[in-house]
Amino acid sequence: MHAISSPPPSSPSSSSSNSIWVLSSIKLQFFARIRRFLQSKATRKRRSQSRNRADEQNNNKIESDETVRVMEKHGDDEKEEEEEDSAMILQRTVKKLHFGSWEEKEMAAMDIEKLAKEDLKVRKLITELGVVPVLVSMVASDVATRRRAALVALIHLADGTYTNKAMIVEAGILSKLPNTIDLVDDSTINEFGELLLSLSSLANTQFHFPSLDFLPSLRHILQSNSSFDTKTSCLGALYNFSTVLENAGPLVSTGIVPILLELSSTKETSEKALATLGNLLVTMMGKKSIENSSLVPKNFIEILSWEDKPKCQELSVYILMILAHQSSSQREKMAQAGIVPVLLEVVLLGSSLAQKRALKLLQWFKDERQTKMGPHSGPQTPRFASMGSPVNQREATEGKKMMNNLVKQSLHRNMEIITRRANVAGNSSSRFKSLVISTSSKSLPY
């Protein structure tokens, strides 16, 4: 048998190094376990916190949803209560209007005014309950407060609905206009004008008005000392009615044209009056009535100088073109009234549309001595003329010279006025003046 050999004895230094190595290994394993434990603990803590936050959010969401449901239910309950209250108020109001005393009818009309302001559907619902005929009958009352309450209620019922306007007209409201304006207070006249303006918009549709018997009352309002708002409303109504050619006859025969001519000379009411005159001018009756006025064409020529009213300038020169077309007598009146220098100012300083119309009108005056009116335009060159005739050539040359001199004189006579007005747009006075003086009349754009 072989004897078991024992390991050789280690030296003291070797044993000490082995002990240090074992101790270091144990410490590393301990710290590694501690780190893993702390990491796992932190992970569990984060997971727990995440679960807690999720639960809290879910709880908050449930509570908020519950709160929203409660609030919505409460809001729906309040809305239902409000609708029930409005329905009850409307029911009581309509009942008072149909079966109550005159004082109750007046209060009911005030309530209808408040209800009609809320919504278009409410306005339609109110008229379906048959309140319009009762309100129209109240308009003819001698009591001012009762009459005014009915008018204001009808104004709000007519707002934005064709059906309600048609029902009000068919109920006979136009025949309720007062024949004597002096016996009616100003507030009632103003409300009549406002209601009439609203109802007149039906003229732009296929609706047929039963009659225009209210026009004399409208004329009296425009001739009275009514407020500016009242006259503006009445002018707007007249303009709407004038858009229908069939209404030109009744409007002219009522004597509206002289009133419109007077109102056109005032800047506050000029635009709508001129637009109405322009609509009437396309008919033979309207054109004849305007031509026979002593204010024509002087009134329209004066309006051409309103630089702060470009729309009025455009309408005025349009009317002058219609009047001058195929009418040598009207063109002669215009020339005598000094229209040429005014047209030159419009050409230089007017709007683009006014400039085009003024240029066309100036061309007619320039060719007046050598042309005749054609069937579809302004003055045209005659078809049959002895071009080789010395007399015709001499007359043409003289006519051109006279027209050129007229243009030059007009330019120089109005130079200071034109220069001053042109300076507003930033032009130099001396530069503008020298430019116009050095420009030949042959280079003018007309």
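Trainee: Is cysteine 312 buried or exposed?
Mentor: Cysteine 312 is buried, at a relative accessible area of 1%. Buried means under 20% relative accessible area, exposed means over 50%, and partly exposed is in between, with a 1.4 Å probe and protein chains only.

Trainee: And cysteine 234, buried or exposed?
Mentor: Cysteine 234 is buried, with a relative accessible area of 1%.

Trainee: How many disulfides are there in the whole structure?
Mentor: Zero, from a search of the whole structure. A disulfide here is a pair of cysteine sulfur atoms within 2.5 Å.

Trainee: What sort of model is it, and how are residues numbered?
Mentor: This is a predicted model: local features need pLDDT of at least 70, side-chain atom pairs count only at pLDDT 80 or more, and totals for chains, interfaces and linings use all residues. Residues are numbered from 1 along each chain as its sequence is written, and side-chain values use heavy atoms, with hydrogens and water left out.

Trainee: How many helices and strands?
Mentor: The protein has 21 helices and two strands. Both are DSSP runs numbered from the N terminus: helices are H or I with at least four residues, strands E with at least two.

Trainee: What percentage of the residues count as buried?
Mentor: Of the 446 residues, 37% are buried.

Trainee: Which residues touch the most other members of the largest nonpolar core?
Mentor: Leu135, Ile173, Phe300, Ile339, Leu343 and Leu361, in a core of 96 residues. Helix H15 (residues 310-324) gives the most to this core, with eight residues. A nonpolar core is a set of buried Ala, Val, Leu, Ile, Met, Phe, Trp, Tyr and Cys residues joined through side-chain atoms within 4.5 Å.

Trainee: What is isoleucine 339 in contact with, beyond its neighbours within four places in sequence?
Mentor: Isoleucine 339 contacts Ile301, Leu320, Met334, Leu361 and Phe365, where contact means heavy atoms within 4.5 Å.

Trainee: Which residues of helix H16 are buried?
Mentor: In H16 (residues 328-336) they are Gln330, Arg331 and Met334. Down the axis of H16, its buried residues fall within an arc of 100 degrees, so they line one face of the helix. The arc is that of the directions from the helix axis to the C-beta atoms.

Trainee: New topic: where is valine 244?
Mentor: Valine 244 sits in the loop between helix H9 (228-242) and helix H10 (248-253). Valine 244 is partly exposed, at 22% relative accessibility.
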